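The stops below are meant to be selected in order.

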Amino acid sequence: MTRSIKAQYFTWLIFSCFLLFPFKRSIELPILIMTIGGGVLAYRYGRAFFQEPAIRLFTLLFACIWIPMLISFPDSYDLRKSGGTVLVFLRYYFTGLFVIWALRAQDQVPMLVKLLAGLTAFWVVDALFQAATGHDFFGWSQIPSRLNGIFGERQLRLGNALPLMAPFLILALRKRLALMILAAVMTGAVVILAGSRGGWVSFGLVCIWLIFSETRRRGISPWKMGVAAVLIGLAGTFAAFENPGARQRLDQTLLLFSGDEAKIDQALSLRWTLWKDVFSMVDAHPVNGVGVRAFRYAYPEFAQPGDPFLAVDEKSGRPTGAFYAHQIVLEVMAETGLIGAAGLALFYALLVRYWRQANLERRVLALPFAMGAMAWLFPFNTHPSFYTAQWSVIIWLMIAMVCAVLLPLQKVCCSESDGEKE
């Protein structure tokens, strides 16, 4: 078995995480394999492995998030939940080590991009089929007013997941501008119909970055790429006004400009009420927060009477509130305090710094991975939970792939010995 064939197996293993992402907990199997693999690599190669620039960068990025999580544990509102999250979160670090090592064979990066592009195309076509017929290829019915495609009828994840994956499809077609624009228009229509306003912002950011990137790369007038943006915008607007659910979400969003606090809260799906309680939480626990993933248990202490998020846990009878802050910066501040906020700021700074320092060839190769990471991590947006397992796995896979492509492994211990035939 040659090294290239081995490398393909590893690439398919990474790809399987994205393939299985819509199907509940099945993603845990490839993650377990890569977690074990990452631990074996760390043990086998030792100090030399951690001297690699990509490994150092990934370690720093992970530490920026994980150390504040650990510090939040001692006085958490739920020690069991926080402690379990801190321990389980470590698997994403070892998974990331494996991903960086697996992508040391640079011929595998284009292969992975093609696989992810094909998967994204399937998601888009499947969702459009659901929009046209009322059910997708797997028989999942469309949720009233929300398109969810392959993600089924329970968890509304398509709207947030598709912008993260869209760069792979769109950039895979960059040699043919017409197909690239068509892919962007079709993807944009699905994002709009999925009804996640955070997803709308994420996809808009991807399109803006694409316009600037392609304008510079092709050496063409900005207005031509502007035409593409207008087409995407028109397609999204048409989808919004043709679909009652999307139109309702758009009308709800426009209440942001009403100047009335109650209507603004309505526009934000009651998140202004939620965020006011978050500010009280941060004010009371500014240093290390209320504990990672303990937000729901701290919430009742800071909620106002009649708060719509207040509830009682059916199993324990314990008062609870909203599960998380629905905004990455506020979530980090509430659950891990100012220590966590400082870590998050350093996390962003490191990503930007290393991106700007990389040469043009590396940045071009890493562009779809970086766009995908930015689509989810952009701080001025609403977000699913940053710490929850279902999203953390995809986020850290994307970050690991950015590190792997920007700073490919060079050490003999990680390349030469693996090049031998078996």
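**Aromatic pairs**

Start by selecting Phe-89 and Tyr-387: both residues are buried. This is a predicted model. Their ring centres lie 6.4 Å apart with the planes at 65°, so the pair counts as edge-to-face. Over the whole structure, a search finds 33 aromatic pairs.

Next, select Trp-123 and Phe-151. What is the geometry of this aromatic pair? The arrangement is edge-to-face, with 5.1 Å from centre to centre and 75° between the planes. Trp-123 is in helix H5 (residues 108–133), and Phe-151 is in the loop between H5 and helix H6 (158–172), 28 residues apart. Trp-123 and Phe-151 are both buried.

**Along H5**

After H5 comes Gly-134, with a positive phi near 95°.

**Arginines over rings**

Select Arg-157 together with Phe-21. Arg-157 lies over the face of Phe-21, 4.7 Å from the ring centre. Then move to Arg-296, which lies over the face of Phe-323 at 4.0 Å from the ring centre.

**Thr-336 and its surroundings**

Now select Thr-336, in helix H14 (residues 328–357). Its relative accessible area is 0%, so Thr-336 is buried. Which backbone oxygen lies 2.6 Å from a polar atom of the Thr-336 side chain? That oxygen belongs to Val-332. Leaving aside neighbours within four places in sequence, the contacts of Thr-336 include Pro-68, Met-69, Ser-72 and Val-292. Tyr-387, the ring partner of Phe-89, is also among the contacts of Thr-336.

Two loop residues end the tour. Arg-293 is not a glycine, yet its phi is positive, about 65°. Look for Arg-293 in the loop between helix H12 (271–284) and helix H13 (295–302). Is Arg-293 buried or exposed? At 12% relative accessibility, Arg-293 counts as buried.

Finally, select His-326, in the loop between strand S2 (319–320) and H14. His-326 has a positive phi near 60° and is a residue other than glycine. Its relative accessibility is 19%, and buried means under 20%, so His-326 counts as buried.

How values were computed:
Residues are numbered from 1 along each chain as its sequence is written. This is a predicted model: local features need pLDDT of at least 70, side-chain atom pairs count only at pLDDT 80 or more; totals for chains, interfaces and linings use all residues. Side-chain values use heavy atoms; hydrogens and water are left out. Rings of Phe, Tyr and Trp (its six-membered ring) pair if their centres lie within 6.5 Å; planes under 30 degrees apart count as stacked, over 60 as edge-to-face and the rest as tilted. Buried means under 20% relative accessible area, exposed over 50%, partly exposed in between (1.4 Å probe, protein chains only). Helices (H or I, at least four residues) and strands (E, at least two) are DSSP runs, numbered from the N terminus. A charge sits over a ring if NZ of Lys or CZ of Arg is within 6 Å of the ring centre and within 35 degrees of the ring normal. A polar contact is a pair of N or O atoms within 3.5 Å; within protein, one must be able to donate a hydrogen and the other to accept it, and residues adjacent in sequence count only if both atoms are side-chain atoms. Contact means heavy atoms within 4.5 Å.
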